[in-house]
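Here's a quick briefing to read with the model open beside you. Grab your viewer and let's go.

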Amino acid sequence: RSSDLGNPKLIFAHFHFLLELPDLLPRFIHIVRSQPFEERRNWFYENLYRQNHIVADEEEPNQLDISEADIISISREDLFSSSCCALANIDVDKLKKKNAVIAFKGEEGMGAGVKREFFDLLSKEILNPDYALFTQSTDGTTFQPNSNSSINPDHLNYFQFAGRIIGMALFHQQLLQIYFTRSFFKHILGIPVDYNDVASIDPDYANNLQWILDNDISDLGLALTFSVETDVFGAMQEVDLKAGGSAIGVTDENKEEYVQLVAEMRMTRAIQRQIEHFLSGFHEFVPRSLLSLFDEYELEMCLSGLPKIDLDDWKQNTEYSGGFDEDSPVVKWFWELVESFDCKVQVQVLQFVTGSSRVPLGGFANLVGAGGLQKF
């Protein structure tokens with residue numbers, strides 16, 4: 001009944017069977033997604049734990065009741081490699097249980113606090129440039145798989161391990177200080193990417209693609225073809241965007257196809273194997289059907305929570321134009337309104353204006369616009 005569509009409890013009580021019918025789920029997912037985020041997040045964990053026979057409110061095991069076999073011992077000095085080796089030899093079902101305890105070698109501490117520290121340290125280590133797994137977007141706030149990660153001979157195994165860690169953290173509701181590009185979140189969700197998503201990786205490149213779409217390129221002499229030059233370990237290589245692409249010129253008639261293929265190369269084709277191995281590890285803990293409850297922004301909130309925003313820093317790194325300054329009544333009203341918002345709405349304001357929900361490393365002074373560093 002239509003009157004039931006606004007009642008989350010009724011909807012989730014009746015629609016849980018859809019998770020086991022992937023062909024039918026897309027026909028009703030818009031109804032489920034229209035429900036409040038917190039309701040969907042709760043339903044996500046209820047079904048995730050039910051499918052894995054986990055008691056949701058089960059307490060962490062008492063230290064006195066922990067056996068040696070339950071302890072996953074990790075070297076703090078060699079965090080990445082020791083974690084990779086240790087988790088590779090443990091059955092996934094064991095890693096899903098709360099009686100699996102993480103401890104650092106040579107240290108007595110264990111329990112919830114140590115588990116939080118483990119996930120926090122390891123998620124940061126996954127982004128360590130020494131492993132060449134992920135690269136930063138141009139604004140320095142988000143990461144995506146490195147197309148040149150093969151410089152590390154074990155890179156595909158490491159991507160599977162990274163997927164396992166991220167999936168395991170989401171399973172155990174451990175928030176991570178790790179932020180991916182919108183396009184990579186879409187890949188995790190199985191949502192197709194398009195040229196608009198390039199902006200989350202390289203705003204300047206996205207502006208160039210938009211300029212091609214917005215202007216008649218017939219007589220500009222750009223000499224574009226359906227191929228791109230790619231940097232592979234410092235050497236430039238020409239790659240066709242489609243069969244025989246280097247011999248096909250870009251015209252005003254086919255430029256939309258060109259822009260879409262360029263975007264797919266940048267965000268998908270160049271990192272396809274890395275994505276596949278990451279997802280193979282991630283889906284060991286979280287099935288694709290359950291992820292369909294969220295969009296890419298909501299998945300980020302599930303993984304990382306809401307970012308903390310320093311309003312004073314935001315104000316100090318804001319420029320005014322059109323005759324306005326910080327003492328203008330309308331400006332004061334704006335900041336009073338922003339200050340009255342809860343964290344979630346403040347993040348939405350930031351996302352709306354800057355295109356990113358993240359504050360760059362170093363604060364608002366490092367916001368990046370189309371022309372480089374640019375204040376709010």
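Helix α10 covers residues 255-267, and its 13 residues should span 18 Å at 1.5 Å a residue; the end C-alpha atoms are 18 Å apart, which agrees. The expected span here is 1.5 Å times one less than the number of residues. Helices (H or I, at least four residues) and strands (E, at least two) are DSSP runs, numbered from the N terminus. Keep in mind that this is a predicted model: local features need pLDDT of at least 70, side-chain atom pairs count only at pLDDT 80 or more, and totals for chains, interfaces and linings use all residues. Residues are numbered from 1 along each chain as its sequence is written, and side-chain values use heavy atoms, with hydrogens and water left out.

**Whole chain**

- The chain has 16 helices and eight strands.
- Of its 376 residues, 47% are buried (under 20% relative accessible area; exposed is over 50%, partly exposed in between, with a 1.4 Å probe and protein chains only).
- The accessible surface comes to about 19600 Å², with 50% of it belonging to carbon and sulfur atoms; areas come from the Shrake-Rupley method with a 1.4 Å probe.
- Take the contacts (heavy atoms within 4.5 Å) between residues at least 6 apart in sequence: 69% of them join residues at least 24 apart.

**Nonpolar cores**

- A nonpolar core is a set of buried Ala, Val, Leu, Ile, Met, Phe, Trp, Tyr and Cys residues joined through side-chain atoms within 4.5 Å.
- The largest one has 64 residues, and those touching the most other members are Phe-44, Ile-72, Phe-134, Leu-170, Phe-180, Ile-188 and Phe-278.
- Helix α7 (residues 155-171) supplies the largest share of this core, 10 residues.
- Leaving aside residues up to four places away in sequence, Ile-72 touches Ala-86, Leu-87, Ile-90, Leu-95, Ala-100, Val-101, Ile-102 and Ala-103.
- A second, separate core of 19 residues includes Ile-212, Tyr-258, Ala-263 and Met-267; Tyr-258, Ala-263 and Met-267 are among the buried residues of α10.

**Aromatic pairs**

- Rings of Phe, Tyr and Trp (its six-membered ring) pair if their centres lie within 6.5 Å; planes under 30 degrees apart count as stacked, over 60 as edge-to-face and the rest as tilted.
- By this rule there are 22 aromatic pairs.
- Phe-134 and Phe-184 are an edge-to-face pair, since their ring centres are 6.2 Å apart and their planes at 65 degrees.
- That pair links distant parts of the chain, with Phe-134 in strand β3 and Phe-184 in helix α8 (residues 182-189), 50 residues apart. Both Phe-134 and Phe-184 are buried.
- Phe-334 and Trp-335 have ring centres 4.9 Å apart and planes at 70 degrees, so this pair is edge-to-face. Phe-334 is partly exposed at 32% relative accessible area, whereas Trp-335 is buried at 7%.
- One aromatic cluster is formed by Phe-37, Phe-44, Tyr-45, Tyr-49, Phe-171, Phe-285 and Phe-294.

**Two buried loop residues**

- Ser-137 sits in the loop between β3 (134-136) and β4 (143-145), and with a relative accessible area of 6% it is buried.
- Thr-318 lies in the loop between α14 (311-316) and α15 (329-340) and is buried at 11%. Its side chain reaches the backbone oxygen of Trp-314 at 2.6 Å.

Note on methods. Polar contact = N/O pair within 3.5 Å; in protein donor to acceptor, adjacent residues only side chain to side chain.
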